[in-house]
Amino acid sequence: MIMDNLQSIQEKALKQIEEAGALDALNDVRVAILGKKGELTSVLKGMKDVAAEERPKIGTLVNECRDKIEAALEDAKERLESAAMDERLKREKIDVTLPADKKALGHRHPNTIALEELERIFIGMGYEVVEGPEIEKDYYNFEALNIPEGHPAKDEQDTFYINGDILLRTQTSGTQVHEMEKGRLPIKMISPGRVFRADEVDATHSPSFHQVEGLVIDKNISFSDLKGTLALFARELFGEDTKVKFRPHHFPFTEPSAEMDVSCFKCHGKGCRFCKGEGWIEILGCGMVHPHVLEMSGIDPDEYTGFAFGVGLERIALLKYEIDDMRLLYENDIRFLNQF
Ligand code: DAH
C-alpha cells in the first residue's frame with residue numbers, strides 16, 4: 001500500500017518536474033512534494049504506523065524516492081536557469097558594430113580664438129607672452145605711464161577704485177612698467193589680460209573687457225620698426241593684401257603716438273556697411289615709448305628707445321568673426337558659441 005503510494009508520488013513528481021516551464025513553477029512542485037505538508041513528507045510521517053520489521057525496507061524506498069525527486073529537481077533547476085540566462089543574454093545583446101552616439105565637443109570662445117591667433121603671430125616674431133596683475137596700484141596704471149594726478153586721461157578712463165591707491169586696471173599698459181622695472185633688456189613682449197572700466201553695457205561697451213599690450217625696448221628702435229611690425233601683424237591677422245594707415249593721435253605714455261587703421265577686409269577699401277563707408281577700420285593705439293616713461297622705470301632714454309601698442313581683443317574678435325554686438329561675447333549662449 002505505501003509502496004504503491006510511493007510509486008505514484010514519484011511518477012507524478014517526475015512528470016510535473018519535467019513539465020515545469022519556469023523556476024517558480026518548479027518551486028511549486030518541490031513544495032507540493034517535499035514541503036512541510038508535501039506528499040512525500042506525509043508518507044514519512046506515516047512511517048510510525050508501519051510494522052517495525054518492515055520499517056528499514058520501506059525507509060530505504062522512501063529515501064530512494066526522495067533522492068530521485070531531488071536529483072530531478074536539481075537537473076530541472078539547472079536546465080531552467082541556463083534557459084533563463086540564454087533568454088536574458090539574447091534580450092540584452094549589444095551590437096558593437098552600431099555607430100556610437102556623437103559626443104558634443106566644446107568650442108573655443110571667439111575671444112580665445114582671437115587671442116591664440118594674436119599670440120601665434122607675435123611668438124612667431126620672437127615675442128614673449130607675460131601676464132600682469134588685474135588689481136593694480138595707481139602708480140602702475142597711471143602715474144608711471146605719464147598720467148599724473150589731475151591729468152584729463154585719468155577721468156576718461158572711469159576707474160573702479162578699491163581704495164585711494166589700489167584699483168582694477170583700466171588698461172594693460174601697466175605691464176609695460178612691470179617689465180621695464182625688471183631691468184632685463186632688451187624687451188620684446190606682449191601681455192594679454194582683462195581690464196575694467198566703469199562703463200554701461202551696450203553693443204560696444206562692457207565694464208570688463210580684454211586688451212593685448214605690446215612693448216619692444218632695445219637700442220636703435222625707431223618708428224619704422226613699429227610700422228613694419230604692426231603692418232606684418234595686420235597682414236597675418238586679416239590677410240596678405242591688408243593695408244595699414246597710421247593717424248597721429250595722443251597717448252600720454254607715447255611720443256609720437258598714432259592709431260593704426262587696416263583696410264577693410266570686407267570691401268578692400270571701397271567702403272561698405274562693415275567699415276561704415278570709410279574703407280578703413282581702426283584697430284589699435286601705438287607709439288614710441290615716451291622718454292619720461294623710460295626714465296621713471298630706470299631705463300636711459302639716450303641709450304634705449306622702444307615702441308608700444310595696445311589692441312582691444314574683443315574688437316579683433318568682433319571684426320574677424322563679423323559679430324555686431326559685444327554682449328554676445330559675454331552671454332555664453334551655447335547656440336552662439338557653437339558657431340566657432
Ligand atoms: N592703453 C591704451 C588704451 O587703453 C591703448 C594703448 C595705446 C596702449 C597706445 C599702448 C599704446 O601701449 O602705445 O586706450
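This briefing covers the domains, the ligand surroundings, the strand pairing and the salt bridges of the structure above.

The model is predicted, so local features are reported at pLDDT of at least 70 and side-chain atom pairs count only at pLDDT 80 or more, while totals for chains, interfaces and linings use all residues. Residues are numbered from 1 along each chain as its sequence is written, and side-chain values use heavy atoms, with hydrogens and water left out.

**Domains**

- The domain assignment, whose bounds come from an automatic or database source, gives domain 1 (2-91) and domain 2 (110-337).
- Between the C-alpha centres of domain 1 and domain 2 there is a separation of 92 Å.

**Ligand surroundings**

- The ligand is surrounded by 15 residues, a residue being near if one of its heavy atoms lies within 4 Å; the closest are Gln-171, Ser-173, Arg-197, Gln-211 and Glu-213.
- With Ala, Val, Leu, Ile, Met, Phe, Trp, Tyr, Cys and Pro taken as nonpolar, Asp, Glu, Lys and Arg as charged, and the others, Gly among them, as polar, this shell holds five nonpolar, eight polar and two charged residues.
- Among the polar contacts (pairs of N or O atoms within 3.5 Å), a ligand nitrogen atom lies 2.7 Å from an N or O atom in the side chain of Gln-171, and a ligand oxygen atom lies 2.9 Å from an N or O atom in the side chain of Gln-211.
- The backbone also takes part, with a polar backbone atom of Ala-308 at 3.2 Å from an oxygen atom of the ligand.
- Of the 360 Å² of accessible area that the ligand has on its own, the protein covers 90%, as computed by the Shrake-Rupley method with a 1.4 Å probe.
- Two or more residues of the shell come from each of β5 (208-218), β8 (280-289) and β9 (305-312), where strands are DSSP runs (E, at least two residues) numbered from the N terminus.

**Sheet**

- Seven strands make an open sheet of mixed pairing in the order β1-β4-β5-β9-β8-β7-β6, two strands being paired if DSSP finds at least two bridges between them.
- Because β1 (128-129) and β6 (244-251) stand at the edges with a single partner strand each, one side of each has no neighbour in the sheet.
- β6 and β7 (residues 254-263) run antiparallel and are joined by seven bridges; Arg-247 has Glu-259 in β7 as its bridge partner.

**Salt bridges**

- The count comes to 17 salt bridges, each defined as a side-chain nitrogen of Lys or Arg within 4 Å of a carboxyl oxygen of Asp or Glu.
- One of them links Glu-81 with Lys-77, whose closest N and O atoms are 4.0 Å apart.
- Glu-81 and Lys-77 are four residues apart in helix α4 (residues 55-91), so about one helical turn separates them; helices are DSSP runs (H or I) of at least four residues.

Terms used: Polar contact = N/O pair within 3.5 Å; in protein donor to acceptor, adjacent residues only side chain to side chain.
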